Amino acid sequence: MLATIHAATLHGVSGHPVRVEVHVADGLPAFTVVGLPDASCREARDRVRAALESSGLPWPPRRITVNLAPTGVPKAGSVLDLPMAVGLLVACGELEPGQVDGLGFLGELGLDGSIRPVPGVLPLVDAVEVPGMVVPVANGAEAALIDDRRVRVADDLRGLVLALRGDGEWATPEVAEPSPVDGGGPDMGDVRGQRFARFALEVAAAGAHHLLLVGPPGAGKSMLARRLPGLLPDLAPDEALQATRVRSAAGEALPVDGLVRRPPWRAPHHGASPAALVGGGSGTMRPGEVSLAHGGVLFLDELGEFAPSALETLRQPLEDGTVRVSRAGASAEYPARVLLVAAMNPCPCGGSAAPGGCRCPSTVRARYVRRISGPLLDRFDLRIAVDRPDPVDLLSGASGESSADVGRRVASARGRAVARGVDANGALDPAALREAAPLSEAAVRRLEAELHAGRLSARGLHRVRSVALTVADLLGRDGPLDVDLVEVALGLRIDPFRSEVAGVR
Amino acid sequence: MSGEHAAAAEDVQRSHLVALVGLPDMGPARLRLLLDGRDPVDAWEGLRRGRIPMALSSRLGRRREEVVARWTATVAGTVVAERWAEVAASGQSVSWYGAPGYPAALLDDPEPPVVLFATGGSVAEGAADRPRVAIVGTRRCTAYGRSVAVELGRSLAAAGVEVVSGLAIGIDAAAHLGALRATDGAPPIAVVGTGLDVVYPSANRDLWERVAEHGRILSEMPPGSGPTRWCFPARNRIVAGLADVLVVVESHAEGGSLHTVAAALDRDRPVLAVPGPIRSPASAGCNRLLAEGAAPACGPDDVLGVLSLLGRPASPVLSAGEAPEPADLGTDARRVLDALGWDPVVPDALAARTGLPPVALIAAVAELTDRGLVVETRGHLERRGEERS
Ligand SMILES: [Zn+2]
């Protein structure tokens, strides 16, 4: 009369084990689910009943109670449909308890009895502490990534019951589609000219410094940004696992060998909602773009076109490296350590940012740039202007080094950061930075001049210093940061919106 | 005795004129039609009874009743002497069409300002025989345009030319800045679109005060008038009317400076334009003017030459403004300076032209910026003329 089935539920990107206890008793026919189910989980009652009936399996006209233990943990989504159905079949004697012994079940049921894939199978399977797992066919490859688990797949309830009884064959696992090599991306070697912009990409990659590219359409902003993931080193093992869990939790395809090893590239459209950017949403909780880009690059093209409210929600994750999403009754935490690259036109007319480059009234420009708040602009350690290359300059421009060549310098610079206890210099706090990067006297004077002229804030000063350190690392230089490195950091940090002033300045 | 009477009568006229200018919805064109040779006192008293000339009446059209009613009400509630006292206390001087001190150049203007307010003691102080050159251009100028405007302003002022401009940001401000830099130069004249107590744009406050101190600022708008959409085009016609010659330093293809050009051509004033790079949007308007027959202004001599053709006093010979020749620059800095034209470019372009690696390029640019030879705006680098203060 009582059956217990092993399953799991998803919180953010981690799975939590759940025991589905099904009790069938005499009394008025009823079907109750207790133990903090969310709306979609409560609806399981209707799906389970329809699926059983469509599969020609009996629906006991009795009092059914499903308890989801531990009861204090909220249960989300439809992943518990299949375990409830199996538990019910055991509780009313259609299956022997021994036939489900040592197995965990995950999957959503269709009204026709089909077993449908669910997001987050990797962390879910990882959470269930039994030797064997039964998952939907489409999730089979992903579930098999957990090494010590025996994985069975099923594509409908009827077939599953026969297989469990030993009267039928198990479904055949789907062979994972060979997806293109993850994070390959285009090569830096294809970029002609734009040597300064390429250098900015190299510094961004080496120090994990956020980068803002400002320039008119046709200046190659996206083309440049797209090459950034190719400069980054492979993800560290724990980072790779986190990135994989996020992708799994979002229900997106994993690479062939299962693990996301290369830094991801995400480029949400400027129409993206705050929920799409940082996660959450009105239905099932889902990680947002900033988490899907974890360990890699988040590219915001046309930064000026994003809703200011959407950009505002990105500030906290950029600061903390994680994002916490709360909704009535539930909250989840997703990793969100990204390298942010943004691109924007200097003016809505598509003209150039050059002085005299367009003739929009200053009020039009002011309204456009006000969409980028000061605190957001502050997040970009690197800000450079790019322009449509002059054809003559293009012809004489040296063709680029390959991503592999640049990537080697990036890796060696990152190696020096690791010796300081961080992944990259962008993560050094002011105290650590002071210790790691003392300044020469001339460098101090130069920075003081910037401070006094009001062109640099205290926070800005810290960021300039960390960029200067990254440049030193790329050049393989040791010792106190000299003024030339500070100049480079300042040269990579323009004020992209400064307005023309009267002849007097 | 009669002199005293005349002076007293002039004061009465002046104070009524100031009161008329201050009426709501009273623009220069309406005021011209209202006065049309009449004594300001008569016009004021006419309004008190709701009477206006036919020409103004037909110009007001359907809004006539409403506007005249508002004027009549305002006239009834205004003590002319009080209004005058406010203006007098502000230290501004006032002149009107035909009165002593009214600029002679505007007497045969097709749309002369009826009244002119001025900073300082007199509207037309010392303006009788000095040649005047208007220097105008875009607010959104390049460093090239700015430095040319400064050089022209300085050289022309040094040659005894009164530099006339609109005190807007960009080229206007640069021209005045140059004029103020000349040693013993002729005083600059600014014509503004707001009341003289409303500094606009406020970014120009310093310059505004220096022009007021060393030269004059004129306006046809009464004290307290803020900027409006039509006040700047209206101001441009006075700039064109006051000057013997108009020089456009930089203008976009359809820039506001071209309105000043049209006003100058209406008044038979020669127009010169400074040539610019064909790729620079800020020079598109000037290059078009040149193609259409405007004389090129490649230095102060070109402008002075036109003035002497007009029979204006001959001037000392000056060399064309040239960029300062920098000494003892580093090798890389020299390469960058040679690669840098007068049009603004991003560092990518300089890297391509010089072949310098980024770190060396930045060091060279830093040296040039430190020497005041290069200026950076929104990530774009330009050569800088001698305007540095
Ligand atoms: Zn524009």
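**Close-up views of a two-chain predicted model**

**View 1. Helix α8 of chain B and what covers it.** α8(B) is mostly covered, with 10 of its 11 residues buried (buried means under 20% relative accessible area, exposed over 50% and partly exposed in between, with a 1.4 Å probe and protein chains only). The structure is a predicted model, in which local features need pLDDT of at least 70, side-chain atom pairs count only at pLDDT 80 or more, and totals for chains, interfaces and linings use all residues; side-chain values use heavy atoms, with hydrogens and water left out. Residues are numbered from 1 along each chain as its sequence is written, while chains are lettered from A and ligands numbered from 1 in the order in which they are written. Among the buried residues of α8(B) are I171(B), D172(B), H176(B) and L180(B). Their cover includes the strands β3 (132-136), β4 (162-165) and β5 (189-191) of chain B, together with the helices α7 (143-158) and α9 (205-214). Helices (H or I, at least four residues) and strands (E, at least two) are DSSP runs numbered from the N terminus.

**View 2. The contact between chain B and chain A.** Chain B brings 43 residues to the contact and chain A brings 40 (contact means heavy atoms within 4.5 Å). The two chains bury about 3500 Å² between them, 58% of it on carbon and sulfur atoms; buried area is the accessible area (1.4 Å probe) that two parts lose on being put together, summed over both. R140(B), D348(B) and R378(B) supply 25% of the area that chain B buries against chain A, more than any other three residues.

**View 3. Elements on the chain B side.** Elements giving two or more residues to the side of chain B that touches chain A are α8 (171-181), α15 (347-354), α16 (358-370), β10 (374-377) and β11 (380-383). The largest share, six residues, comes from α15(B).

**View 4. Chain B as the setting.** Chain B has 16 helices and 11 strands. Of its 389 residues, 55% are buried. Among contacts in chain B with a separation of 6 or more, 71% join residues 24 or more positions apart.

**View 5. Chain A as the partner.** Chain A holds 20 helices and 18 strands. Buried residues account for 52% of the 505 residues in chain A. Residues 24 or more positions apart make up 74% of the chain A contacts with a separation of 6 or more.
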